[in-house]
Amino acid sequence: MSIAYKTADLLRAARGKKRPHTSAIIVAAGNSTRMGDGVSKQLLMLDGIPVLARTLLAFEQTREIDEIILVARTEDLCAVSELAAAHGITKLAAVVAGGATRAESVKNGFLHVHHLTKFVAIHDGARCLVTPDMIERVLHTARRHKAATAACTVSDTVKVANRRGFIAKTIDRSTVYLATTPQVFSANLYRAALETVKGATLLTDDNQLIEKLPYPVKLVDCGKDNIKITEPRDLRLATLILQEREGKL
C-alpha cells in the first residue's frame with residue numbers, strides 16, 4: 001500500500017470512522033476458447049501457482065476486502081473450491097455458478113454478497129498480476145466517487161476506421177484508456193443499475209452498466225502490468241512481468 005493510502009487509513013481510524021464493508025466478486029466463468037486444448041485458463045500454472053490462485057491471493061492479502069465471491073463454470077465449481085482451500089483463501093464466502101454471459105455471471109455473484117456490503121469490487125479471475133496496492137487505489141477512489149475502475153493509458157496512435165476499413169480519424173491518445181479490473185462501485189449504485197438498465201446482460205464490462213444510468217466512473221491508472229490471461233502468449237508475458245517484479249531480470 002502507498003504512503004498516501006496508509007496515511008488516509010490512520011486519519012480515518014483517528015476520527016473513529018469505520019471502513020465500509022467491501023465484497024470482491026471474482027469472475028472466472030469464461031470458456032477459455034482462445035487458450036485452446038479445452039483447458040480452463042484459470043487453472044493453468046503460472047510460475048508454479050495456478051492463475052486463479054494468484055488472483056485470489058491478491059484479494060486475500062488486501063486488508064480492505066472483507067469477503068470474496070467466486071463465480072466459475074458449473075463444471076469447475078469443485079476444482080476452484082479445492083484450489084481456494086489449498087492456497088489458504090480464508091475470505092471466500094461463496095462459490096457460485098456463472099451465467100451465459102460475463103454480465104450474467106457478475107449478477108449471479110452480486111446476489112450472494114453480504115447484506116452489509118457497501119462497495120463491490122468486480123475483477124476478472126484471469127487478471128492474476130493485480131496487486132493489493134492496485135486494488136486499494138481503486139477502492140479508495142471509488143469511496144470518494146462511488147464508481148472507479150482500474151485502467152491503463154495507451155502508447156500507440158489511435159485510429160478510428162470507417163465501415164470500409166479506412167482511417168476515418170485520429171483520436172488524441174492522451175484521452176484514451178484501456179479499462180481493466182477491478183471495477184469498484186457503491187453496492188446501491190450497482191443494484192440500481194441492474195434494476196434499471198435495459199440489455200444489461202449483454203454488456204462487456206460493468207463500467208458500461210454504470211455509464212448507462214448515467215453515472216460517471218473515475219479512471220485509476222494502474223499501469224500496463226495488469227494484463228488478462230487470454231491466450232498462450234499471455235502466460236509467457238506474465239512470467240516475464242513476475243520475474244521483473246522479483247528482480248530476476
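Student: How many bridges join strand S7 to S10, and do they run parallel or antiparallel?

Tutor: Strand S7 (residues 147-153) is joined to S10 by six bridges, and the two run antiparallel. Strands here are DSSP runs of E with at least two residues, helices are runs of H or I with at least four, and both are numbered from the N terminus. Two strands pair if DSSP finds at least two bridges between them, so S7 and S10, with six, count as paired. Within this pairing, Ala151 stands opposite Ala179 in S10. The model is predicted: local features need pLDDT of at least 70, side-chain atom pairs count only at pLDDT 80 or more, and totals for chains, interfaces and linings use all residues. Residues are numbered from 1 along each chain as its sequence is written, and side-chain values use heavy atoms, leaving out hydrogens and water.

Student: What makes strand S10 largely enclosed?

Tutor: Buried means under 20% relative accessible area, exposed over 50%, and partly exposed in between (1.4 Å probe, protein chains only). Seven of the 10 residues of S10 (residues 177-186) are buried, so the rest of the structure largely encloses this strand.

Student: Why is Leu237 called partly exposed?

Tutor: Leu237 has 36% relative accessibility, so it counts as partly exposed. This residue lies in helix H8 (residues 232-245).

Student: Why are S5 and S11 said to stand at the edges?

Tutor: The open sheet has seven strands in the order S5-S4-S1-S6-S10-S7-S11, with mixed pairing. Strand S5 (92-97) and strand S11 (218-221) each have a single partner strand, so one side of each lacks a neighbour in the sheet.
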